[in-house]
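Visitor: Hi! Could you walk me through this protein, please? I'm new to reading structures.
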Amino acid sequence: MTALTQYQRLECLGLWRDRPDGRRRDVVVSLGDASLVISDTRSDTALTHWSLPAVERLNPGQLPALYTPGREGIETLELEDGTMIGALDKVHGVIESQKQRPGRLRQALLATGLALILGLGVFWLPGALVRHTAALVPVSKRAEIGRLVLARMVPVTGPPCAQSEGLAALGTLRDRVLGMGKGELVVLPKGIDATARLPGQVVLIAESLIEDHDNPDIVAGFVLAEALRADLADPMVALLKAAGLRATVALLTTGDLPATALAAYADAVLAEGRRAVADAALLQRFTASGIAATPYALALDPSGTTTAALRAGDPFATAPAPVPVMDDSAWVTLQGICAQ
């Protein structure tokens, strides 16, 4: 959806039903990179996220335009804003053109996958096919898959926290820790212990991690550690391994993953504990990012026993980091990102 940069920050009002017999509700509709965010008009709370590739219009050419989040969706959304309707029509047109004329990605995936299937032995094939497929999936497709997995977590985690000022502060934290415009941070009200990761450089953060600490360096440390885990163990590889050979071949041949594979991986991420990362590699990240390691180390283990090496190697143990993670005002704003 990167072709829709002209519609960044596009918002409009709409009428949303959570089920066919439900009451119509006034909502604010926001167009994101890969999703349509539907929020309550009074509280700014996100009510639901619709994956843009799955959105379907039920009454082409009629007004108000009526949309659903997919063929099996029970929600509906009525829109009268011409700019938003035009943007969604453009999304639909891009998707239809890709269906009619497979792009370079799908052709490359299919040709490479078939060559692998024919040329590799039965015992070596699954692992090699998974790794090779993951390596061919571009950033934009990874981001789409990450969003689809996140949508399947919502019944357990609740919708991502989306208080508008808090989202701006979250973007500041993302730019400071991961680099300007790199990756995405998502705060979830429940369902995860501290952090988790999804394909597309998406780092999930538990609301409690932000609310229970008074130092943004702690959250920054957890995000750095999660990003390092993703670099060491590609979440796309983990997804395909969990999905199995059939789903991997489906990605090669159709460019999409089965819904069952996405749902299974969402459950696996929620159940997975944090894997340990080497202190030396983690300290390199803290040094390169200009972030103190001691607050993170003490949050992991208040006694300091198991994180002594992190504290000893903290590049800013005796002097403050040259650039704070974020100022006090932005931190307080971020702590209210899940406010109703």
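This is a predicted model: local features need pLDDT of at least 70, side-chain atom pairs count only at pLDDT 80 or more; totals for chains, interfaces and linings use all residues.

Visitor: Where does D301 lie?
Guide: D301 sits in the loop between α12 (294–300) and α13 (308–312).

Visitor: Which side chain of opposite charge is nearest to D301?
Guide: That is R311, 7.9 Å away. D301 is buried yet has no salt bridge.

Visitor: Okay, what does the D301 side chain have a polar contact with?
Guide: The side chain of T306, at 2.8 Å. If you skip the neighbours within four places in sequence, D301 is in contact with T306 and T307.

Visitor: New topic: T68. Is T68 buried or exposed?
Guide: T68 counts as buried because its relative accessibility is 5%, and the cut-off for buried is under 20%. You'll find T68 in strand β6 (residues 65–68).

Visitor: What lies 3.2 Å from a polar atom of the T68 side chain?
Guide: The backbone oxygen of E75 does. Beyond four places in sequence, the contacts of T68 include W50, L58, G73 and E75.

Visitor: And how many residues does the largest nonpolar core have?
Guide: It has 36 residues, and L173, I205 and L334 have the most contacts inside it. Elements that each supply at least two residues include α5 (164–178), β10 (202–206) and α14 (328–335).

Visitor: Which helix gives the most to this core?
Guide: α7 does, with eight residues.

Technical notes
Residues are numbered from 1 along each chain as its sequence is written. Side-chain values use heavy atoms; hydrogens and water are left out. Helices (H or I, at least four residues) and strands (E, at least two) are DSSP runs, numbered from the N terminus. Buried means under 20% relative accessible area, exposed over 50%, partly exposed in between (1.4 Å probe, protein chains only). Lys and Arg count as positive and Asp and Glu as negative; His and the chain ends are not counted. A salt bridge is a side-chain nitrogen of Lys or Arg within 4 Å of a carboxyl oxygen of Asp or Glu. A polar contact is a pair of N or O atoms within 3.5 Å; within protein, one must be able to donate a hydrogen and the other to accept it, and residues adjacent in sequence count only if both atoms are side-chain atoms. Contact means heavy atoms within 4.5 Å. A nonpolar core is a set of buried Ala, Val, Leu, Ile, Met, Phe, Trp, Tyr and Cys residues joined through side-chain atoms within 4.5 Å.
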